[in-house]
Amino acid sequence: MSGAVTIADLAQAFALLESEGVEGYVDGGAGAGLTVRRNDEAWAAIEIRPHALASVGTRDISTTVLGQREQHPVMVAPVGFQGYVHREAEVGLARGAVAAGARYCHSTFGEASFSDLEHVEGLRWWFQLYCFDDAGLNQRLVERAQEAGAEAVVLTVDLAALGHRDRDARTGFTLRGHRPVACVAEVGHLDPRLASVWASLDHNISWDTLEATVASASVPVLVKGILRGDAAVKALDHGAAGVIVSNHGGRQLDTAVTTARALVEVVEAVNARGEVLVDSGIRLGTDVAKALGLGASAVLVGRPALWGLGVGGHKGVTHALNLIVEDFDRTMALIGVRSVAELTSDLFVLPH
Ligand SMILES: Cc1cc2nc3c(=O)[nH]c(=O)nc-3n(C[C@H](O)[C@H](O)[C@H](O)COP(=O)(O)O)c2cc1C
């Protein structure tokens with residue numbers, strides 16, 4: 001694993017290790033995968049105008065998100081069913097995040113239960129909620145997550161239908177319907193097998209769903225899957241504490257706008273009324289610096305953590321996160337800033 005000196009190296013090692021089906025499940029995107037590719041390219045296309053002679057020998061990469069101090073601005077995005085990738089599954093992701101000083105976001109569709117997470121020492125986490133057509137189940141999930149220590153609820157809103165993943169269709173990869181959804185099983189849903197849980201997803205979620213989620217939670221609610229300024233403002237109007245600009249890593253709607261581009265519009269529309277985070281295509285410290293410079297308070301990474309998990313279990317997750325965080329610190333030095341507050345938009349040049 002120490003041979004993997006970049007996230008791209010980890011991705012390559014992961015592709016060699018995993019079966020074609022699992023590799024496609026993780027790395028693939030919706031349709032032909034144009035948004036997956038463009039996400040990466042959009043971050044790369046932003047150029048940097050560094051300061052000179054800025055005396056940056058001492059730097060502070062910590063930041064504040066939802067009023068909580070974070071050691072650095074890189075978090076682990078919610079990703080479902082990681083038992084396919086590595087036997088440590090989400091507990092491996094959580095342990096790896098702790099060792100890298102990163103916050104972890106746990107998917108509704110995890111194979112680890114709330115109780116499993118309670119046993120991960122030092123874990124700081126949020127719960128990602130997919131809503132079901134059973135309001136009581138949604139309420140129990142939120143309550144149990146809070147009881148187990150979740151400090152925010154992340155409502156994902158870009159799954160009105162499952163994106164058509166061309167690669168999965170070709171390899172024949174499907175998530176096995178008989179495997180239980182651990183969090184749903186724990187709050188006492190009658191049939192926690194994936195096939196039945198999937199069938200109970202609420203595909204009619206609306207702004208009322210957001211209001212109900214906010215009402216059911218005593219922790220802040222973030223809305224994940226926002227790509228427009230007007231939608232971000234509406235989310236705040238309906239009680240959200242902030243939004244996560246995300247196209248689900250290009251897995252839902254192919255040719256959806258890249259998050260590097262959408263972020264600018266969302267930050268402007270939110271106008272500091274709420275928190276703005278971003279994910280999709282973040283691989284390098286320069287990507288993190290650009291996201292913060294454009295107004296995000298933190299970033300989430302999905303596949304990089306999974307590549308680390310597949311290659312080296314929880315240690316691989318820590319390695320992946322450390323690569324990005326160390327690169328972020330180095331980038332701050334090279335840009336000429338000493339704190340995340342100094343990452344201002346004048347340091348970046350957007351493509352035309
Ligand atoms: C294998 C996989 C499973 C995912 N499962 C979920 C999920 O259960 N809930 C969710 O909100 N997002 C899910 N996502 C999307 C991620 O939270 C995140 O938005 C995306 O991975 C970020 O892009 P990146 O992988 O390019 O970093 C998943 C992503 C991947 C790769």
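**View 1. Helix 12 and its buried residues.** Thr259, Ala260, Ala262, Leu263, Val266 and Val270 are the buried residues of helix 12. They line up on the same side of helix 12, because they cover an arc of only 150 degrees around the axis. That arc is taken from the directions that run from the helix axis to the C-beta atoms. "Buried" here means under 20% relative accessible area, "exposed" means over 50%, and "partly exposed" is what lies in between (1.4 Å probe, protein chains only). Over on the other side of helix 12, you'll find Arg261 and Glu268 exposed. Helices (H or I, at least four residues) and strands (E, at least two) are DSSP runs, numbered from the N terminus.

Before you go on, this is a predicted model, where local features need pLDDT of at least 70 and side-chain atom pairs count only at pLDDT 80 or more, while totals for chains, interfaces and linings use all residues. Residues are numbered from 1 along each chain as its sequence is written, and side-chain values use heavy atoms, with hydrogens and water left out.

**View 2. What helix 12 packs against, and how far it reaches.** The buried residues of helix 12 pack against helix 3, strand 8 (221-226), helix 11 (229-237), strand 9 (242-245), strand 10 and helix 13. Contact means heavy atoms within 4.5 Å. With twelve residues, helix 12 reaches 15 Å from its first C-alpha to its last, close to the 16 Å expected at 1.5 Å a residue. The expected span is 1.5 Å times one less than the number of residues. Just after helix 12 sits asparagine 271, with a positive phi of about 50 degrees.

**View 3. Helix 3 and its covered face.** In helix 3, look for the buried residues Thr35, Val36, Asn39, Ala42 and Trp43. Seen down the axis of helix 3, they fall within an arc of 130 degrees, so they line one face of the helix. Their cover includes helix 2 (20-27), helix 12 (259-270), strand 10 (275-279), helix 13 (285-293) and helix 14 (303-335).

**View 4. Helix 13, mostly covered.** Eight of the nine residues of helix 13 are buried. These are Gly285, Asp287, Val288, Ala289, Lys290, Ala291, Leu292 and Gly293. After helix 13 comes glycine 295, and its phi is positive, near 115 degrees.

View 5. Of the 24 residues around the ligand, the ones that come nearest are Pro78, Ser107, Thr156, Asp279 and Arg283. To count as near, a residue needs a heavy atom within 4 Å. An oxygen atom of the ligand is 2.7 Å from an N or O atom in the side chain of arginine 283. For glutamine 128, a side-chain N or O atom is 3.0 Å from a nitrogen atom of the ligand. Taken alone the ligand exposes 610 Å², and the protein buries 97% of that. Accessible areas come from the Shrake-Rupley method with a 1.4 Å probe; for residues, only the protein chains shown count as cover.

**View 6. Arginine 103, tucked into a loop.** Arginine 103 sits in the loop between helix 4 (89-99) and strand 5 (104-107). Why does arginine 103 count as buried? Because its relative accessible area is 1%. A polar contact of 2.9 Å joins its side chain to that of glutamate 151. Such a contact is a pair of N or O atoms within 3.5 Å; within protein, one must be able to donate a hydrogen and the other to accept it, and residues adjacent in sequence count only if both atoms are side-chain atoms.
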